[in-house]
Amino acid sequence: MEAGARGFGSPTRLVSPDEVLKRRRANSFELATLLASFLIGNGFAACVVSGYATREVVNNDQQRVVCPFVPVEAEESTEEEQPEPPNKYQLRQPPDLRSQYLLNIEEEKVAKVLAEEANRLAAEQEERERLEQPPNDPKRGHRVHAWVAIVLNAPWCYKPGYRETALDPNTGEQVLQPPSAFFLEPSTGFRHEVSSPDYLAIESVWNQHNYYVNKQDPAAGLAAMRWDLAEGRDWEHFLPGEPYELREDSAVPEDQDPLTTEEEIEKEKHLDMPTSWVRSLNVSRTDYEQRFPDGTKVIYFKKTIYERFAPYRNLIGLVRRITTYDTLDYDDPISRWEFYANRDDQLNLVRIEYRTNETEERFDKGRPDCLRSLKHRAAPNNEYELRFFYQYRFDALRTLVYHAEYIQEHYDKRDDRLYYREFHNIPKDPVTKEPSKLTLITEKFHQHPTKEPVKDIAIRNCYIQDNKIALQFHYGEDCITASTREFVKPPKSEMGEEVPYDPACTSGYVSNPWDPQPTQLDLFLLLKEQLKAEELASHAFRRRVVEIDTMLSERRKQTDSPRLTNSLFDPLRNEEARQQRLAKYEAIKAREEQIKQQQADFLAPYLLRLGNASKRPPTRAQVMALYRDCTTDLRRFYQRLEEELRNRCDDLITEEQSLKRFLARFQQHFEDAEYEKFIAEGETIERDKHILQMRLENIQDDYRRKAAHLRQALREDERLRPYFGAELEESPCCERSDYDEE
């Protein structure tokens with residue numbers, strides 16, 4: 001904003017809104033006029049307000065304003081679970097033998113310490129707020145400023161949602177509520193209520209209808225101001241006459257006829273206003289995309305710096321950046337949010353926590369790996385947390401936590417009801433390059449509704465180094481413990497095609513005494529199943545390690561060398577491609593029109609048999625054979641078509657004869673309605689037979705016409721004319737007679 005609006009008086013001149021769009025700098029009056037013009041053009045009851053505001057508003061100083069653009073992270077639900085009603089069969093708690101007097105004294109001490117801490121924090125907060133208050137302004141109430149007011153329930157406003165009506169208890173009709181307003185600051189675009197302390201007084205307002213001078217007592221404050229501009233006791237009208245929207249409810253005297261709109265205009269006309277010299281407001285695509293001078297803008301809020309960039313302004317696709325600080329001097333950063341657009345890797349947000357040294361990247365849908373977010377916790381944890389759009393992954397992986405010593409996987413809605421899997425391993429040795437060794441596999445499953453709990457595995461633990469597999473099954477009905485089973489795997493040296501089984505190497509517990517004990521065959525089959533599951537989990541671990549390494553390596557490449565994309569329909573960057581597509585389309589269309597206008601080349605497929613005629617000219621016998629093949633193919637095509645139609649006609653004749661014999665034999669057994677149906681069916685058959693006979697005649701005529709045209713075209717073709725002789729003149733008659741005989 002220009003300094004001309006930061007003084008204590010109104011500006012001496014105002015440039016047009018169109019010029020403001022070109023200059024991209026203006027004072028508060030010019031900005032308010034531009035904003036009101038756009039709002040009025042969109043149907044809002046907007047008007048420019050001239051009044052007095054605080055020093056911070058006039059100088060556009062927002063260093064005491066809390067940034068409204070800081071993202072609010074969705075906090076996890078902390079609602080405590082409702083306690084279950086007490087069970088009358090549960091065990092009683094042991095009696096509390098402690099002294100209640102000593103417990104009360106201890107509680108009083110803790111409450112006293114907490115109260116002192118709360119008082120200390122409140123005092124510190126008050127002192128901090130006192131220090132953060134701006135210094136006193138000796139010119140308060142004398143700083144002129146302009147802003148925009150949106151009048152609600154205005155008679156000339158037709159914007160949906162800005163006209164509120166209520167039921168009149170006396171008449172029972174819907175009446176318009178009294179007008180009210182709210183403010184828009186043109187330099188920031190923020191909305192303020194009329195009770196905002198940033199605006200002190202109003203001198204006048206104006207819009208496309210009139211100029212209104214405020215006559216209300218300024219001591220009452222803006223919150224008590226009345227916004228009925230048609231009320232002469234509150235607003236003085238500079239120009240005579242009112243817009244007719246404000247006089248819809250005005251009563252006409254009984255002894256006077258109502259005037260028409262033209263008569264009222266002529267009666268109240270005092271002067272001719274000059275026509276507008278302002279051009280129509282138009283923001284081009286280039287200006288709209290650039291948005292700010294030089295494509296960048298920095299706003300200093302309270303302990304926050306807000307930066308905005310035009311799309312494609314930088315090579316990394318950064319469009320917004322918000323940084324929060326611990327002090328008013330913008331020292332000691334706390335958090336940073338970086339918003340991206342048009343990235344090839346679908347990156348849209350990077351959040352950095354400086355105190356915890358944590359970085360989180362978020363992505364839009366469309367990545368091949370279905371990655372949703374990537375969170376990295378630096379040393380000492382050095383942990384990666386990856387979230388995916390699990391709906392689009394074949395393995396339904398929702399969350400993946402990766403560490404050098406463990407991997408945690410969370411699944412959602414899998415067919416095998418697996419919802420959690422964890423791998424523990426010995427990290428890869430950076431010196432000897434020895435690969436990581438798997439030590440423990442833990443898998444957890446949801447309960448299957450159709451399986452028996454004693455056979456439905458809830459937790460599977462595979463101890464690789466101890467050579468054991470421990471199972472825990474789901475809780476049965478009315479069971480306070482779960483069934484378990486543990487296997488000691490046979491040594492690898494003894495495992496061949498068949499798995500050796502030793503009953504002494506397994507132990508278990510069945511929680512429900514009424515459930516049957518598993519047989520040795522059941523335990524053997526269960527052991528084979530668990531060995532296979534362990535092998536599959538080991539393969540899944542190796543694939544997961546490779547997938548994570550590949551994904552992290554790809555993310556480092558994308559971060560070091562980002563690529564931007566643009567829409568196919570972006571006119572600012574794809575204009576050349578669009579022109580090329582249009583030119584290609586026009587060329588294809590012109591070629592199709594040219595092909596339609598050209599005559600059909602009957603000899604093209606037949607001349608290919610003769611090879612290259614320029615090197616080896618064809619003989620007369622070859623040309624005559626070519627001519628006969630061309631005419632014979634046309635005759636055979638029409639013969640096949642005629643044969644098909646004759647067969648269909650014969651079928652209809654046979655069906656008609658069968659229907660006649662049927663009706664002649666059983667005519668006396670039908671009712672009138674049924675007999676009429678058969679008669680209608682016979683008429684349909686007769687009509688179809690007549691149509692086929694007409695088509696046969698048309699086909700014969702069509703063949704004679706096309707055959708004559710083909711012979712004439714071949715006779716006049718320059719490629720065959722040198723080879724024509726008397727034989728060629730006699731052949732058409734023979735061909736026509738042959739077809740007629742057939």
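Leu239 counts as partly exposed because its relative accessibility is 30%; partly exposed lies between buried (under 20% relative accessible area) and exposed (over 50%), with a 1.4 Å probe and protein chains only. Leu239 sits in the loop between strand E9 (235-237) and helix H5 (261-268). Helices (H or I, at least four residues) and strands (E, at least two) are DSSP runs, numbered from the N terminus.

The model is predicted, so local features need pLDDT of at least 70 and side-chain atom pairs count only at pLDDT 80 or more, while totals for chains, interfaces and linings use all residues. Residues are numbered from 1 along each chain as its sequence is written, and side-chain values use heavy atoms, with hydrogens and water left out.

Ile322 belongs to strand E12 (residues 318-325). With 0% relative accessibility, Ile322 counts as buried. Ile322 and Val70 are 252 residues apart in sequence, yet their C-alpha atoms are 6.9 Å apart in space.

Side chains of opposite charge can pair when their charged atoms come close. A salt bridge is defined here as a side-chain nitrogen of Lys or Arg within 4 Å of a carboxyl oxygen of Asp or Glu. By this rule there are 49 salt bridges.

| Salt bridge | N to O distance |
|---|---|
| Arg362 and Glu360 | 3.2 Å |
| Glu547 and Arg393 | 3.2 Å |
| Lys468 and Glu486 | 3.6 Å |

Glu547 in helix H7 (residues 520-560) and Arg393 in the loop between strand E17 (383-388) and strand E18 (397-402) are 154 residues apart, and the pair links distant parts of the chain. Glu547 is partly exposed at 25% relative accessible area, whereas Arg393 is buried at 15%.

Lys468 in strand E23 (residues 468-473) and Glu486 in strand E24 (residues 484-488) are 18 residues apart. Lys468, at 32% relative accessibility, is partly exposed, and Glu486 is partly exposed at 29%.

In the remaining pair of the table, Arg362 is partly exposed at 27% relative accessibility, while Glu360 is buried at 8%. Arg362 and Glu360 also belong to a network of salt bridges, whose members include Arg351, Glu353 and Arg387.

Helix H10 (residues 620-666) packs with helix H11 (residues 672-716) at an angle of about 170 degrees, their axes being 10 Å apart. Axes are lines fitted to C-alpha atoms, for helices over the stretch in contact, and angles run from 0 to 180 degrees between N-to-C directions. H10 and H11 are therefore roughly antiparallel, a class for angles over 145 degrees.

Note on methods: Parallel < 35°, antiparallel > 145°, perpendicular 65-115°, else oblique.
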